[in-house]
Amino acid sequence: MAYSLTPFSEILGLRKAKHLLRRATYNYSKETLNNVANMTASEALSFLSENSEDVLESPFEDLTNEYIIASSETQRRAYVTAWWWYNAVKQTNLKHKLSYFLFTSFTVSNGNGAGEAIYFYDYLSLLNFYAMGNIKTFAKKITLDNAMLRYLDNTDNNAENPNENYAREFLELFTILKGAQISEGDYTNYTELDVQQAAKVFTGFKKKSDRSIIDPDTNIPIGYNNVNKHDTNDKVFSSAFNNHVITGQSTQAGMTQELNDFVEMIFTQEETAKSYCRKLYRFFVKSEWDESVESEIITPLAQELILNNFELLPTVTTLLCSEHFFDEDTNDNTDEIIGSIVKSPLQLLNEVLTFFDIAIPHPETAPVDFYNSFFRKFIHNSYLVGAGMPFFSPDSVAGYPAHYQDPDYDRHWFSSTTIVSRYKLIESLIAGRNKIFPNALIMTQIDAVSFVENNIENPSSISNLVSEIATFLYPEEIENNRRDYFIQVALDGYEEYYWTISWNDYMDTGDDVVVRNRLNALITVMINAPEFQLM
């Protein structure tokens, strides 16, 4: 079976535009869908790759923002993720999807040992900075990130008392990953000796609590090099790295050189490039694949990543523009890509908010409503926690089970423990209250009548209305029996002309009670339908 990275050159059309926008962005508006549907894949990726400035400046650097300053550290840890989320959902670009991809690859858990919220802000800023940049350079920079230094204890890694935590995760989870275990302590791609030597390379890199040292490349605060705590001996690696020797150094510049030499050694290995391309494939395409995909898609992508010196964007562009990504390279109906991934709670939330154009409080003009009532209490503490995705706070450095735990992967998002929060999301947005718990106001509410009036052609026809909403909401066109089911939900036992009369009465009188009740019932069922759980 031949899979192909050949660019898909035709105009995308709506079906493929839906697929691309869901996989590549967190903004899923009808206007953008229609625009992208008239583009080729190459044109769409150029549009999505525009690295626009954040729409919301950080409240954590604004010393005049008394609301943020007066908040507790627990609240601030939620607010820093609100800043990232607001920018992600208000922009239609690839940057924030790739920023989140870097989070899944170099995980720091906000609520489990990363330190103060301001350090996590710096970490998120670093993810954003390198989202469409060089992942090898990022692997060097993340080592001096204050949140990472604290989270994986490298700030406690000293020559006289080495701490292997960061070194182990750097190899096992962040870069080259384990291969098959050959023998005790030998994981094909590296050995326990390599973990020990890597830990020695990382000795002496310390957290800078006052954030007074600024990286000139990123303008983001970083830790510092403490030569007195650094192991200045040579570091000799195993045969997995051809017994490579990194010469020990005794200056701050020398410590940085050792770090650079170590990262270069790891990234010289082809398996490192393959590990990232497998992660990219699982993130953007699907969680499972066969040997043909490994040899015909992942291996060529890895070669391109190496050829581009680990610049991330060209390889991602190749993947997202390919015939394979759009499921146009084979006729195998058992291996569908479109609609093959279970949406994360984050994706589900963002699609509902952006597609229905739900107004949320503005963080600058209504900070209490946005940061506290809407985001912290409803989104952060209630919905995402209940749906199994405590935001940027997985229990493990490996991330959320959906990102790494086979064989289920993304199917972990949908379970008996998470289904209630997923289903009550739309109920909450319709009621304007937190229906998960504890029924408090959430400072936003869907206006289904206004959405239909402004976005649906011929809304007086219930058949047309259901068909058009379903076309945009679902990855594939629905069968007639499903369309009829949704129509009956809206009609509540009446004939179709009942809807036409009710809609026309609303247009004549402005009284929307009947149409609003029926639209709310319809949208609730359509959002909670199995078809909407997939992308």
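Mentor: One term to begin with: a crossing is left-handed if the near helix is turned anticlockwise from the far one by less than a right angle, and right-handed if clockwise. Also, this is a predicted model.

Trainee: Fine. Is the crossing of H23 and H24 left-handed or right-handed?

Mentor: H23 and H24 cross in the left-handed sense.

Trainee: Which residues make that contact?

Mentor: From H23, Tyr498, Trp499, Ser502, Trp503 and Tyr506; from H24, Val514, Val515, Arg518 and Leu519. By class, that contact has seven nonpolar residues, one polar and one charged.

Trainee: And at what angle do the axes cross?

Mentor: Roughly 125 degrees, with the axes of H23 (residues 496-509) and H24 (residues 513-527) coming within 8 Å. H23 is therefore oblique to H24.

Trainee: What lines the largest cavity?

Mentor: Leu126, Lys141, Leu144, Asp145, Asp215, Thr218, Ile220, Pro221 and Ile222. That lining divides into five nonpolar, one polar and three charged residues.

Trainee: And which residues line the second largest cavity?

Mentor: Its lining consists of Arg15, Lys18, His19, Arg22, Ile338, Gly339, Pro475 and Met535. By class, the second largest cavity has three nonpolar, two polar and three charged lining residues.

Methods:
Residues are numbered from 1 along each chain as its sequence is written. This is a predicted model: local features need pLDDT of at least 70, side-chain atom pairs count only at pLDDT 80 or more; totals for chains, interfaces and linings use all residues. Side-chain values use heavy atoms; hydrogens and water are left out. Axes are lines fitted to C-alpha atoms, for helices over the stretch in contact, and angles run from 0 to 180 degrees between N-to-C directions. Helices (H or I, at least four residues) and strands (E, at least two) are DSSP runs, numbered from the N terminus. Angles under 35 degrees count as roughly parallel, over 145 as roughly antiparallel, 65 to 115 as roughly perpendicular and the rest as oblique. Contact means heavy atoms within 4.5 Å. Ala, Val, Leu, Ile, Met, Phe, Trp, Tyr, Cys and Pro count as nonpolar, Asp, Glu, Lys and Arg as charged, and the others, Gly among them, as polar. On a 1 Å grid over the protein atoms alone, a cavity is a set of points where a 1.4 Å probe fits but cannot get out, and a pocket is an open set with protein on both sides within 12 Å along at least five of seven lines; lining residues have an atom within 4 Å of a point.
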